[in-house]
2 protein chains.
Amino acid sequence: MYISESFIPILKNNPSEAKIKSHQLMLRVGMIKQSSSGIYSWLPLGLKVMKKIEQIVREEQNKIGAQEILMPTIQSSEIWKESGRYEDYGEEMLRIKDRQNREMLYGPTNEELVTDIFRSSVKSYKSLPQLLYHIQWKFRDEIRPRFGIMRCREFFMKDAYSFDINDEEALFSYNKFFLSYLKTFKRLDLVAIPMAADTGPIGGNLSHEFIILADTGESKIYTDKRIFEVNSDGSKLDKKSLNNLRNKFEKFYSVTDEKFNKEEFEKKVIKENRLITKGIEVGHIFYFGDKYSKPMNCSVDLPEGKKDFVKMGSYGIGVSRLVGAIIEAKYNETEEIMKWPISVSPYDISIIPIVNKNDKSTLEKAKRINTELEKNNIESLIDDTDENFSSKIKKMNLIGIPFQIIIGKQIDDDFIEFKELGKNSKKVKLSEIIKIIKKQKEKN
Amino acid sequence: MYISESFIPILKNNPSEAKIKSHQLMLRVGMIKQSSSGIYSWLPLGLKVMKKIEQIVREEQNKIGAQEILMPTIQSSEIWKESGRYEDYGEEMLRIKDRQNREMLYGPTNEELVTDIFRSSVKSYKSLPQLLYHIQWKFRDEIRPRFGIMRCREFFMKDAYSFDINDEEALFSYNKFFLSYLKTFKRLDLVAIPMAADTGPIGGNLSHEFIILADTGESKIYTDKRIFEVNSDGSKLDKKSLNNLRNKFEKFYSVTDEKFNKEEFEKKVIKENRLITKGIEVGHIFYFGDKYSKPMNCSVDLPEGKKDFVKMGSYGIGVSRLVGAIIEAKYNETEEIMKWPISVSPYDISIIPIVNKNDKSTLEKAKRINTELEKNNIESLIDDTDENFSSKIKKMNLIGIPFQIIIGKQIDDDFIEFKELGKNSKKVKLSEIIKIIKKQKEKN
């Protein structure tokens, strides 16, 4: 893609309305545009990143056997009255009357709707377990939307729901998602730590938030530093392995502030390992048994002939929020250098020729390189504008594509100036560049 | 995917509430589930088809240089007041008040919002043309939702918008979409004919509806039969070639009923070529010049220093409706046989073993075949239930996967019973089956 033909509206300066770096950067390089309070349009650069995140989330859901469905954004109030949450939910729920004066709402979450789908479709324990997920727009009418897409009103989310015959199987499902989330965030090059969390309006008594550290985060966390060394390597999709994984993490004290207990913290964590800091919630999983299945009468036939309410959990990942979370983790705002993980970068590489009005040779060289890259499924963004070199570099550093090819006045047909952001540039052959990028992409 | 693990809730009989065959079939094989009047959830089988259609639509938009963005579902009323459509639009617009009592709405279309994005981002003719599209949920509060997802309230749509410096360039953009649409529908194995159409609430004076023939369609059409022989073969993305393409179609009288003129029809079309029938609108394109850019003050600097309002067009494809439209075109409801085009079929092939409780050999054979198919990126749906053979066949005929492998009691390791729906079965080697399916998929 040539910048001159692209729709990437770049701002010269940081927009004054943005208070945190992800919001600043996203407006600055034209990833999003606010359309009204807490509601954003996604422009090509931002959408490309979000779509890649969405696809990684999807693949990791599929790997644990979850099946994708898609529930609508607008729901009837009836099912919320069945579950008892219609009145409870408060003003964050966007309530709507349609032309027939029926009470509708824009779904802030989908426990009721998925339970309704399930109860009308599944009758027997033989069809269990079932893991269903969807990736859809949601709306929460925040009183004070802020921080761009980090706390907005209309947001894009993956939510999954598990249906099991009893607690033991349900916890197995819960642990599958636990592993799936660790793998998802790892592919996004994020260190997200599962922390015991409050269940809030979703309900239940078991819950983990997945949190990445960030000063701008809105979650306060209390944790044992050593938890950052735990990982999911070697975990498998069987009950024992997943239990071990949970235990490995839960050995270390790690909670959000609603769950914080000073005495316990100080008893379990020696002083030098204590970490009290802030983080961003990027995922949240819940086990709530029959909280919805019971009032909504969602039961299955058991082997011995009786019936029982299915045991359910729900599992959310903020897909749009992750775009901001990755920026919070990867953007050096002092140097104005962003570096996307290759797995979600809007392009794989940028090509930056010095363009002279009377001499098209650098542009032609860029074109030849691009053709070669395309053959290898490497997507590049080419700055074909005639801006001066330093502003081109500045712009590309903000856009954050992790690799750059720089084409100066002296064209060398064999060796190309190649740079990974944050490292020194070097002269290498194009074939070598292709190899490096392919290898990086394959890792994912 | 094994049917026993899948979420494909099949109904024994046609649901009585469904009046047309696409609605019947979609409920029958569990592609969708109604959640409230005119609002549906998409279950795995239906979603897989819709996602494949979405991807084909996306690829064909990218091929003409359109860039993908994503506008939100909820819009502010402000921009609609600017364009003057807020009062005009009537009760089909779902109007919402948020907790701050601001007037919002669920977007029924996006001319205003995209104009707002454009005017704040693009200032010079040098950045033109721009073609922007998005694929998003929309809402129209139909007074009588009917025919399942064919005329529902919440629906999934691709809409694109073109921005040009003058009429000539704008018509070039219009014609690019004209070609893109023909190619899109062809990949869906549909014969969609462009017909001169009324512009309705979108406005402007040039418009085509793309219509496929179907008795259950809601568009009445008047056409010269010979138009069905015109195609886009050989057309290129240059002005002359695209003009020729438009002319090839426009040589034949072909209009929807709002544009119908009896005298003209009878003068231009000899009796034997006249076709008066019904069809389903699957796409609609509009050119409306400065209808929105003028009231919304969306202008660019011209080469000679003056300013002018950009010239815009808009281009819609009903992505969710296409799922139903393909069923209307491909489902033989008398024989209860559906046959999806391979390009959008939920699976590439079905495997139907006769399963005996005491003998797992056919299931094992199915598993071996599936492993081999997976290696070749061929996705299969395996009926591992112990239902009798004829009900398995009946079920698979309704699901409509175009190819079947049947594993009977006599297992032959070399030759496999293979059937393309609607044709006779034959005994062939697995390698041959793989070759056939790969070839079919590559065509797309």
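The model is predicted: local features need pLDDT of at least 70, side-chain atom pairs count only at pLDDT 80 or more, and totals for chains, interfaces and linings use all residues. Residues are numbered from 1 along each chain as its sequence is written, while chains are lettered from A and ligands numbered from 1 in the order in which they are written. Helices (H or I, at least four residues) and strands (E, at least two) are DSSP runs, numbered from the N terminus.

**Chain A against chain B**

- 40 residues of chain A are in contact with 40 residues of chain B. Contact means that C-beta atoms, placed from the backbone, lie within 7 Å.
- Elements of chain A that give two or more residues to this side include α2 (44–63), β5 (94–97), α5 (111–121) and β7 (130–139).
- α5(A) gives the most, with 5 residues.
- The chain A side has 21 nonpolar, 11 polar and 8 charged residues. Ala, Val, Leu, Ile, Met, Phe, Trp, Tyr, Cys and Pro count as nonpolar, Asp, Glu, Lys and Arg as charged, and the others, Gly among them, as polar.

**Helix α5 of chain A**

- 8 of the 11 residues of α5(A) are buried, so the helix is largely enclosed by the rest of the structure. A residue is buried if 20 or more other C-beta atoms, placed from the backbone, lie within 10 Å of its own.
- Among the buried residues are A:Glu111, A:Glu112, A:Asp116 and A:Phe118.

**The open sheet of chain A**

- Three strands form an open sheet in the order β4-β6-β5, with antiparallel pairing. Strands pair if DSSP finds at least two bridges between them.
- β4 and β5 of chain A stand at the edges with a single partner strand each, so one side of each lacks a neighbour in the sheet.
- Neighbouring strands are turned by 35 degrees against each other on average, direction ignored.
- β5(A) and β6(A) (residues 103–106) are joined by 4 bridges. A:Lys97 has A:Glu103 in β6(A) as its bridge partner.

**Helices α2 and α9 of chain B**

- The axes of α2(B) (residues 44–63) and α9(B) (residues 319–330) come within 9 Å and cross at roughly 115 degrees. Axes are lines fitted to C-alpha atoms, for helices over the stretch in contact, and angles run from 0 to 180 degrees between N-to-C directions.
- α2(B) and α9(B) are therefore roughly perpendicular (65 to 115 degrees).
- From α2(B), residues including B:Gly46, B:Met50 and B:Glu54 take part in the contact, and from α9(B), residues including B:Val319 and B:Leu322.
- This contact has 7 nonpolar, 2 polar and 1 charged residues.

Terms used
Two residues are in contact if their C-beta atoms, placed from the backbone, lie within 7 Å. Angles under 35 degrees count as roughly parallel, over 145 as roughly antiparallel, 65 to 115 as roughly perpendicular and the rest as oblique. A residue is buried if 20 or more other C-beta atoms lie within 10 Å of its own, exposed if 12 or fewer, and partly exposed in between; C-beta atoms are placed from the backbone.
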